[in-house]
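Okay, thanks for coming, everyone. Have a look at the screen with me, and I'll talk you through a few spots.

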Amino acid sequence: MSESNLPRLRLALPKGRLTERTLDFLRGVGLPIEAEITRSRRLLHDISAATVEPLGCRLEVLLIKNTDVPVYVEHGVADIGVVGTDALYEADVEVYRPWTFPYGSCDIALAAPAGVDAGTLRRRPWLRVATKYKRYARDHFAGRGVSAEIIPLSGSVELAPTLGLADAILDLVETGQTLRENGLEVVEVVGRTEVKLIANRALSTPAAEAVERLILRLSGAAEGR
Ligand code: PRP
C-alpha cells in the first residue's frame, strides 16, 4: 500500500501540565514527535514520516488547549486525544475512553487560605468557590447539599481567595507548590483526576485498527515503567 492510501490518524494533545510528559511517553513508544511542535506557532503537525512504520498509519498532531481536546474528538476533527478526566467531565462529551496513561493523576481539592479549616468553611451560610471546574464543583456541592456560589475562572484561580473574590477554590493539586506559593492549603481532597486516551465514536475500521496498535504500544511501555 502506498503511503498516501494509508489511514490518517489525527491526535489532539493538550497544551500545559501534560504536554511534556505526554510527548516523552509517545516518544517512548516509537513516535518521535519533535520538541519543535511546542515552540512553533503552527498548530497542526504532520509527523507521518516517523509514524507509518509503528502504527501503519499517517499521524497528524494537533496541539490545543486541554479543554478543547474533548470537543475536537467528539466532532471527529481529531480522531483521538489525550486529556485529563477533569476537562473531560467539564466538556460532557460522548467519546470512547479506551486507555489510561500511567502518569498525570492528581487530586481535585478544595483549598482555602492557610489556617482556614473545613469547619469554618462549612459554617459559612454561603460559600463562594472559584474554579475552572464549574460542572464538577456544582455537582460536588449539590451532592452534599451545600449552598455554594461557583465563580467560574479560566486559570490562576489561586488568586481569588487572596484578593477576596472567593472563600475557597476547587482545583487540581499535584505537587501543592501552586497552593503554597499563594498562601493556600488543602482543606479537603474531593476527587482524583487521571489522564485518558479518548477516541471518536465513529472511527473508520482502518483508523480503529491503528488506534488498537497504538494502545498495544502504550500498554507495553506502561508495563515497562
Ligand atoms: C493546574 C492547577 C494548578 C496547578 C497545580 O494548573 O490548576 O494551578 O496545576 O499543580 P501543583 O500542585 O503541582 O502546583 P495547570 O498547570 O493544569 O494549568 P492551567 O491553570 O493553565 O489550566
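Let's start with Asp167, which is buried, at a relative accessible area of 10%; buried means under 20%, exposed over 50%, and partly exposed in between, with a 1.4 Å probe and protein chains only. One caution before I go on: this is a predicted model, so local features need pLDDT of at least 70 and side-chain atom pairs count only at pLDDT 80 or more, while totals for chains, interfaces and linings use all residues. Residues are numbered from 1 along each chain as its sequence is written, and side-chain values use heavy atoms, leaving out hydrogens and water.

So where does Asp167 sit? You'll find Asp167 in the loop between helix H8 (159–162) and E9. Helices here are DSSP runs of H or I with at least four residues, strands are runs of E with at least two, and both are numbered from the N terminus.

And what does Asp167 touch? Leaving aside residues up to four places away in sequence, the list includes Ala112, Leu121, Trp126 and Pro161, where contact means heavy atoms within 4.5 Å. The Asp167 side chain also has a polar contact with the side chain of Arg124, at 3.5 Å. By polar contact I mean a pair of N or O atoms within 3.5 Å; within protein, one must be able to donate a hydrogen and the other to accept it, and residues adjacent in sequence count only if both atoms are side-chain atoms. Then there's Arg128, whose backbone nitrogen lies 2.8 Å from a polar atom of the Asp167 side chain.

Now, the sheet. It's an open one of 5 strands, ordered E8-E7-E9-E6-E10, with mixed pairing; two strands pair if DSSP finds at least two bridges between them. E8 (148–152) and E10 (184–193) are at the edges with a single partner strand each, so one side of each has no neighbour in the sheet. Further in, E6 (residues 106–113) and E9 (residues 168–173) pair antiparallel over 5 bridges, and Ala109 has Asp171 as its bridge partner in E9.

Last stop, helix H1 (residues 19–28). Which of its residues are buried? They're Thr19, Thr22, Leu23, Phe25 and Leu26. Looking down the axis of H1, those buried residues fall within an arc of 165°, so they line one face of the helix; the arc is taken from the directions from the helix axis to the C-beta atoms. Among the elements covering them are strand E1 (8–15) and helix H10 (205–223). Just past H1, Gly30 has a positive phi of about 95°.
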